[in-house]
Structure formats: C-alpha cells, structure tokens
Amino acid sequence: MQLSTAPTVGRRRRGNLDSQGLLGVLSVCATLLQLCAGCPSECVCNSLEANCSGRSLVSVPALTSLPEGTHTLFLANNRLSSLPVSAFANLSTFESLDLSNNYLDNLPSRLFRELSNLSDLSLRNNSLTVLDRELFRSLTQLRRLDLSLNGLATVPLGLLDELQGLTWLSLAGNRLHALERATFEPLVNLQHLELGINPWECDCNLRDFKHWMEWLIYRGGYVDAVECTLPKDLRGRDIRGVPVEMFNYCLQLEDENGGGAGSKGGSPPCFRGTPTPSSEGAVVRTEAELPDCVKQRYRPVSVRRAIGTVVIAGVVCGIVCIMMVAAAAYGCIYASLMAKYQRELKKRQPLMGDAEAEGDSEEKQISSVA
C-alpha cells in the first residue's frame, strides 16, 4: 500500500504545480489582452505609452479606445500631412505628444483644445509655415514645446499668451528674421530658448527682442547663438554681443516716422491691456508719461552691463576712499609731530635767551676795562 500511494501523491503535487503555472500564464495573457484590446493595430501599447512611430501612417489611427491610463503618444516618423480637428478628442489624460518628423503644413486652431494636461509637445521637423494664434490656447500645463526645423517666418502675437508655465522652447531652424518682444513677455518661467539657424536681420525690428533676451539671461535663462545675416557689417556676429549703442539710430527713425520704425502700428510692444501712447496727435516725449513697459524698451545699456558698471564704480570708489583715509591719517600724524616739535622748541627758547644775556654782559665788562 505504501509503495502504491507514493507515486499518486507525487503526481497530485505535480498536477497542482502545473495548474498554478497555467493559472499564472493565463493571468499574464489576460492582462496583455486587456492592454491590447483597445490599442490600434498600427501601434504598440503598454500601461503608459502608445507608440505609433515609423508606421508610414497618412492619418491618425483611432485613439478613443486606448488603454486606460495612457499618457504618452508617439506619432513620429510617419507621413502625416494634415490632422482633423477631432484627432485628439477625449484625450485629456495625455501628458506627452510627439508629432515630429512628419509633413504637417497646417494645424487646425482647435486641434489641442482637449489636451488640457499636456506638458510636452513636439512638432519638430515638419512643414509648418504659419501657426494660428489660438492653437495653444488650452495648453496651460505645457512645459516643453519644440517647433524647430519648420518653415516659420513669424511667431504671431498672442500665440504664447497662455503658456506661462513653459520652461523650454525651441524655434531653431526656421525662417525667422525678427521677433516681437511682446510675443514672449508672457513666458515668465522660461529657462531655455533655442533660436539658432535662422536668417536674423539685426536691425531696429530686432532691437526690443534683444533687450528681452538680455533680461532672460540675467534671470539665469539660456539662449543659444543668434547670428546676424544682415546687415553686412554684422553678418556672422551674435546679436547678444552687439553693443546696444549701435541701435541708437532707431530712436531717431521712430521720431522721424512718428514712432513706427521699430514696431507695428506705431505702438511699442507691451502686455495686453497695457495702455500705449496713441499714434495720433503729439508724440509722447517725457519719460514720466510713458508706461513701464515702454520705459523698459529704451534702456540705454543692458542689465548685465549696468551691473558691471556698478561693480567697477564701487571698486573705484572704494580705492578712492581708502586713499582719502590714508591721506587723512598721514595728515593727522604729521600735524601731531609738528605740534610736538613746536612745544619742544618753545621749551628751549628761554634757555637760549639766558645764554645770550650772559654773553652780552661779558662783552660789556670787557669793553669797560678797555
């Protein structure tokens, strides 16, 4: 009996182990099926990402049934040339969207309206030439925006107004020749700005933006090289190193043209809602009558240069003060020594007077004897 029951017990144990392993495999398969059940056939999905890159897609696959919890979507390296307005509808949980290396040339103004939690957006290496000023209106949580390697010639005023939390922005490799300062002033948290490989024209139209870049660098931000292509005498130079005095002629041009040489419509770039001097009637001349944002435009020197000047002036003043203290100490010591000398000299004068009197009396006696 013992010999016959031992194999039976062993078989039962092996059977239990096999059933447990089978259950584990089935549970893993069920989890994978649950994840892939809503994943488009063109994509590879996991619990956090949906990767649809490099599939030669000409249209966005159906994304409404993506696994719950997906917050990253990769659509890079495809053949997308246009996107419907509803391409990203009902995807408010998305935090990262990569549309780089496609053929996008125009984006609907309300394309990203439901991506309210998006923090990272890449539109790198497309064919974008214009951007609607309402395109990023709902992306209040955006922290990183890549618009490099497109065909942008301008950045419309108001495009970045709602992106106050943006910390990283790239506009490198476009067709930008000038930028308006007012377009970038809402980016109060920006720390990294890329502007290289653009045909910059370093004239009056770029003067105000140069001042804003210097302010960004002063706050600890980073701006890459902004090399001039025009005028010829500045070609190849970084505008950050061009002395601000070279733009003094812009003020004269604005006066001659009624204040319109450096900005559109004759009004300086300021925040929305800031009162600006009217182009009709007399031109505002006194600094007290200008709003703060206008006063900041006409700073004669950069902030960094002003700080350097203050430091140098402080050092010079310190040296002068030390020299004055040394001279005063020397004068006091000299006066003290002279006073001591005079006192000793007065003490000796009576003794010298008595000696002279005795000498006179002896001479009188000798003369009387004679």
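These legends describe close-up views of a predicted model. Local features need pLDDT of at least 70, side-chain atom pairs count only at pLDDT 80 or more, and totals for chains, interfaces and linings use all residues. Residues are numbered from 1 along each chain as its sequence is written, and side-chain values use heavy atoms, without hydrogens and water.

**View 1. The disulfide of Cys39 and Cys45.** The structure holds three disulfides (pairs of cysteine sulfur atoms within 2.5 Å). One of them joins Cys39 to Cys45, S to S 2.0 Å. This link is right-handed, with 75° about the S-S bond. Cys39 has 15% relative accessibility and counts as buried (buried means under 20% relative accessible area, exposed over 50%, partly exposed in between, with a 1.4 Å probe and protein chains only). Cys45 is buried too, at 12%.

**View 2. The disulfide of Cys43 and Cys52.** The sulfur atoms sit 1.8 Å apart. The torsion about the S-S bond is about 100°, so this disulfide is right-handed. Cys43 is buried at 9% relative accessibility. Cys52 is buried at 0%.

**View 3. The disulfide of Cys202 and Cys228.** Here the sulfur atoms are 1.8 Å apart. The torsion is about -95°, so the disulfide is left-handed. Both Cys202 and Cys228 are buried.

**View 4. Cys321 and Cys332.** The closest cysteine sulfur to that of Cys321 is in Cys317, 6.4 Å away, too far for a bond. Cys321 is partly exposed, at 44% relative accessibility. Cys332 is exposed, at 55%.
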